[in-house]
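Colleague: I would like to learn how to read a helical model. Please take me through it feature by feature.

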Amino acid sequence: MPSVFSHAIVGSTLVACGLARPRATLVVLGAVLAVVPDLDVVGIALGWGLDHPLGHRGLSHSVLAAVTLAGLCTLAIRVRSPERRWRIWLVLALAAASHGLLDALTNGGRGVAFFAPFVDTRWHFPVRPIEVSPLGVWSFFSRRGLEVLTNEVVWLWAPCLAALAATWALRRVSDPRTPAARAPGR
């Protein structure tokens with residue numbers, strides 16, 4: 001799996017880029033939803049193996065879990081417009097689902113149960129450029145953890161920064177209140 005930092009960065013970026021003028025609380029919620037699936041590591045302490053349906057990268061990493069979590073969060077958010085509520089749900093679902101997608105891009109683990117509980121199969125993508133993160137706090141703060149973070153800066157953080165910059169620039173140009181939108185010749 002990518003580090004918890006990268007999951008949070010990708011989830012918050014999806015919300016920041018996917019919603020027009022997102023509130024800070026929604027951006028933070030996107031980060032949280034992108035990290036929550038890894039709470040399944042509690043299953044290891046409970047004696048569930050990695051292949052258990054509730055084990056690591058099991059049901060909590062599925063599309064069903066992502067859309068359900070996003071739905072529950074969207075119900076808790078006060079939004080008047082049904083169209084805006086639908087958009088918020090969609091972006092939060094993408095943020096939650098990003099966790100499993102990123103895990104399937106790592107070079108370790110047993111795959112992701114995208115369609116649990118309906119299908120037990122676990123998948124990886126054919127291309128897996130992201131280094132798998134060491135489990136445990138002390139393991140992460142090591143030379144191996146630094147190698148993982150360096151890899152994630154290239155494959156995740158830099159693209160997120162580019163997406164945020166592009167989104168900001170497009171919003172700035174399209175907002176009639178900004179000088180960029182009122183430039184001569186427009």
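Colleague: What percentage of the residues in the protein chain is buried?

Modeller: Buried residues account for 38% of the 186 in the protein chain. Buried means under 20% relative accessible area, exposed over 50%, and partly exposed in between, with a 1.4 Å probe and protein chains only. One caution: this is a predicted model, where local features need pLDDT of at least 70 and side-chain atom pairs count only at pLDDT 80 or more, while totals for chains, interfaces and linings use all residues. Residues are numbered from 1 along each chain as its sequence is written, and side-chain values use heavy atoms, with hydrogens and water left out.

Colleague: How many helices and strands does the protein chain have?

Modeller: Seven helices and zero strands. Both are DSSP runs, numbered from the N terminus: helices are H or I with at least four residues, strands are E with at least two. The C-alpha atoms fill a box of roughly 65 × 40 × 30 Å along the principal axes. Take contacts between residues at least 6 apart in sequence: 58% of them join residues at least 24 apart. Contact means heavy atoms within 4.5 Å.

Colleague: How do I read a pair of packed helices, and at what angle do H2 and H5 cross?

Modeller: Two packed helices are described by the angle between their axes and the distance between the axes. Here H2 (residues 24–35) and H5 (residues 82–103) cross at roughly 35 degrees, their axes coming within 7 Å. Axes are lines fitted to C-alpha atoms, for helices over the stretch in contact, and angles run from 0 to 180 degrees between N-to-C directions. The crossing is right-handed. That term applies if the near helix is turned clockwise from the far one by less than a right angle; anticlockwise is left-handed.

Colleague: Which residues of H2 and H5 meet?

Modeller: On the H2 side they include Leu26, Leu29, Gly30 and Leu33. Their partners in H5 include Ile88, Leu92, Ala95 and Ala96. The residues of this contact divide into nine nonpolar, three polar and one charged. Ala, Val, Leu, Ile, Met, Phe, Trp, Tyr, Cys and Pro count as nonpolar; Asp, Glu, Lys and Arg as charged; the others, Gly among them, as polar.

Colleague: What does alanine 70 contact beyond its neighbours within four places in sequence?

Modeller: Alanine 70 touches Trp89, Leu92 and Ala93. Alanine 70 is in helix H4. Its relative accessibility is 0%, so it counts as buried. From alanine 70 to leucine 92, the C-alpha distance is 5.2 Å, across 22 residues of sequence. Threonine 68 is also in H4, but counts as partly exposed at 39%.

Colleague: Now the backbone. What is phi of arginine 21 and of arginine 57?

Modeller: Most residues other than glycine have a negative phi, and most peptide bonds are trans. Arginine 21 has a positive phi of about 50 degrees. It sits in the loop between H1 (4–18) and H2. Arginine 57 has a positive phi near 65 degrees, in the loop between H3 (42–45) and H4 (63–76).

Colleague: Are these two arginines buried or exposed?

Modeller: Arginine 21 is exposed, with a relative accessible area of 66%. Arginine 57 counts as buried, at 2%.

Colleague: Which two residues does a cis peptide bond join?

Modeller: Alanine 116 and proline 117, with omega about 5 degrees. Proline 117 lies in the loop between H5 and H6 (137–140).
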